[in-house]
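Trainee: Could you take me on a close look at the cavities in this model? I'd like to know what lines them and what sits around them.

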Amino acid sequence: MTRLDCSVKNCLHNSDNCCCKQTIIVDGNQAKDVHETCCGSFDENKDGSFVNVFKTPETRLEVDCEAVKCVYNDNRHCTADHIMVTGDGASQAEHTECASFRAS
């Protein structure tokens, strides 16, 4: 499992820079650099009105990955020990990115 830090504070799955989902997906099938990736699991927390009271932030989780040209991609699964998802202020998934992407 991968340790995930997420700075996308306006995602409704984010709590204390951790994700409250057990699995996320990184999109970017044709990605050749960081800017061509995104968190496909992003859901905007419009006006910050959602408060997470039921889910526990996950410090380690499964990361499915469509960025097949990344060195950490093994059969569409992320093998990195630690990744960072960035894009604070995003209103849609395409405004986020996997800052840990490294081209193979």
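**Inside the cavities**

Mentor: Let's start with the largest cavity: 14 residues line it, and Cys 6, Cys 11, His 13, Cys 19 and Cys 39 lie nearest its centre. A cavity here is a set of points, on a 1 Å grid over the protein atoms alone, where a 1.4 Å probe fits but cannot get out, and lining residues have an atom within 4 Å of a point. Keep in mind that this is a predicted model, where local features need pLDDT of at least 70, side-chain atom pairs count only at pLDDT 80 or more, and totals for chains, interfaces and linings use all residues. Residues are numbered from 1 along each chain as its sequence is written, and side-chain values use heavy atoms, with hydrogens and water left out.

That largest cavity holds about 100 Å³ of space, where a volume is the space filled by probe spheres set on the points, with grid points joined across faces, edges and corners. Its lining has nine nonpolar, four polar and one charged residues. For these classes, Ala, Val, Leu, Ile, Met, Phe, Trp, Tyr, Cys and Pro count as nonpolar, Asp, Glu, Lys and Arg as charged, and the others, Gly among them, as polar.

How many cavities of 30 Å³ or more are there? The count comes to two. Among the residues lining it are Cys 65, Cys 70, Cys 78, Ile 83 and Cys 98.

Six strands form an open, mixed sheet in the order β5-β4-β6-β1-β7-β8, with β5 (38-39) and β8 (97-98) as the edge strands, each pairing on one side only. Strands are DSSP runs (E, at least two residues) numbered from the N terminus, and two of them pair if DSSP finds at least two bridges between them. β1 (residues 2-6) and β7 (residues 82-86) run parallel over four bridges, and Asp 5 stands opposite Met 84 in β7.

Technical notes: 1 Å grid on protein atoms, 1.4 Å probe; cavity = no way out; pocket = protein on both sides within 12 Å on 5 of 7 lines; lining within 4 Å.
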